[in-house]
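Have a look at the sequence and the model with me before reading on.

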Amino acid sequence: SRLNALVLRTYLASNVVYKYTCRCDTDAVYIGETKIHIGTRAEAHMDIQAEKPTAVGKHIKECEDCFVACEQGRLSFVDFPVVKQCRSKFDAEIKEALMIQKENPIINKQLFKSGSSFTLKIFG
C-alpha cells in the first residue's frame, strides 16, 4: 500500500514538466507541461480516437510499437514521467520552453509544423 500511495501521488502530480519517449525510437521525444494531473494529461495524449489528437496522440497512431502498446493497454501515465515539479503553471511553462530549446525534441517539432507553439521571451 506504500506503493499504491506513491502511484497515486505520481498520478495526481500537477504543475509539472513531463517527457514522453517513443517505444522504438529513443530520439523521438515529446516534452510537455500541464497544470492538471499528469495522469489526466497522459490519458488525453493516449486518446488516439480524439477528434483532434495531441502531438503525442498523432505519434502513437503513426508508430506501430506505440500504437500496439496503447491498444493492448501497455501504455499508461508512467510512460509520461515527471522531469520537473514546478510551483505554478507559469513556472512549468518556462521550464518546459527551456527544456524544449535545449533538447529540441522531435515530436514537439511535429506540433510546431501544425501551427501550435508557445514562444518564450526572456528579457535580461
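Where does N104 lie, and between which helices? I found N104 in the loop between helix 5 and helix 6 (106-113). Helices here are DSSP runs of H or I with at least four residues, strands are runs of E with at least two, and both are numbered from the N terminus.

**Ground rules.** I am reading a predicted model, where local features need pLDDT of at least 70, side-chain atom pairs count only at pLDDT 80 or more, and totals for chains, interfaces and linings use all residues. Residues are numbered from 1 along each chain as its sequence is written, and side-chain values use heavy atoms, leaving out hydrogens and water.

**Two asparagines.** I looked up the phi of N104: it is positive, near 50°, in a residue other than glycine. N104 has a relative accessible area of 47% and is therefore partly exposed (buried means under 20% relative accessible area, exposed over 50%, partly exposed in between, with a 1.4 Å probe and protein chains only). N15 is not a glycine either, and its phi is also positive, about 50°. I located N15 in the loop between helix 1 and strand 1. N15 counts as buried because its relative accessibility is 19%.

**Overall layout.** I counted six helices and three strands in the protein chain. Their order along the sequence is α-β-β-α-α-α-β-α-α. Of the 124 residues, 36% are buried.

**Helix 5.** I checked the length of helix 5 (residues 89-103): its 15 residues should span 21 Å, and its end C-alpha atoms are 21 Å apart, so the two agree. The expected span is 1.5 Å times one less than the number of residues. Buried residues in helix 5 include D91, A92, E93 and E96.

**Cores.** Which residues have the most contacts inside the largest nonpolar core? They are Y20, Y30, M46, I60 and F80, in a core of 21 residues. Strand 1 (16-21), helix 2 (38-46), helix 3 (55-62) and helix 4 (64-71) each give two or more residues to this core. A nonpolar core is a set of buried Ala, Val, Leu, Ile, Met, Phe, Trp, Tyr and Cys residues joined through side-chain atoms within 4.5 Å. A second, separate core has seven residues, among them V17, V29, C86 and A92. I also listed contacts (heavy atoms within 4.5 Å) of F80: leaving out residues up to four places away in sequence, F80 touches Y18, K19, Y20, I38, A42, H45, M46 and V56.

**Aromatic rings.** I found four aromatic pairs. Rings of Phe, Tyr and Trp (its six-membered ring) pair if their centres lie within 6.5 Å; planes under 30 degrees apart are stacked, over 60 edge-to-face, and the rest tilted. Y11 and F77 are edge-to-face, with 5.0 Å from centre to centre and 90° between the planes. This pair joins distant parts of the chain, 66 residues apart: Y11 is in helix 1 (residues 2-11), and F77 is in the loop between helix 4 and strand 3 (82-85). Y11 is partly exposed at 22%, while F77 is buried at 15%. Ring pairs also link Y18, Y20, Y30 and F80 into a cluster.

**Helices 3 and 4.** How do the axes of helix 3 and helix 4 cross? They come within 5 Å and cross at roughly 100°, which means that helix 3 is roughly perpendicular to helix 4 (the label for 65 to 115 degrees). H59, I60, K61 and E62 in helix 3 meet E64, C66, F67 and C70 in helix 4.

Conventions:
Axes fitted to C-alpha atoms, helices over the stretch in contact; angles between N-to-C directions. Parallel < 35°, antiparallel > 145°, perpendicular 65-115°, else oblique.
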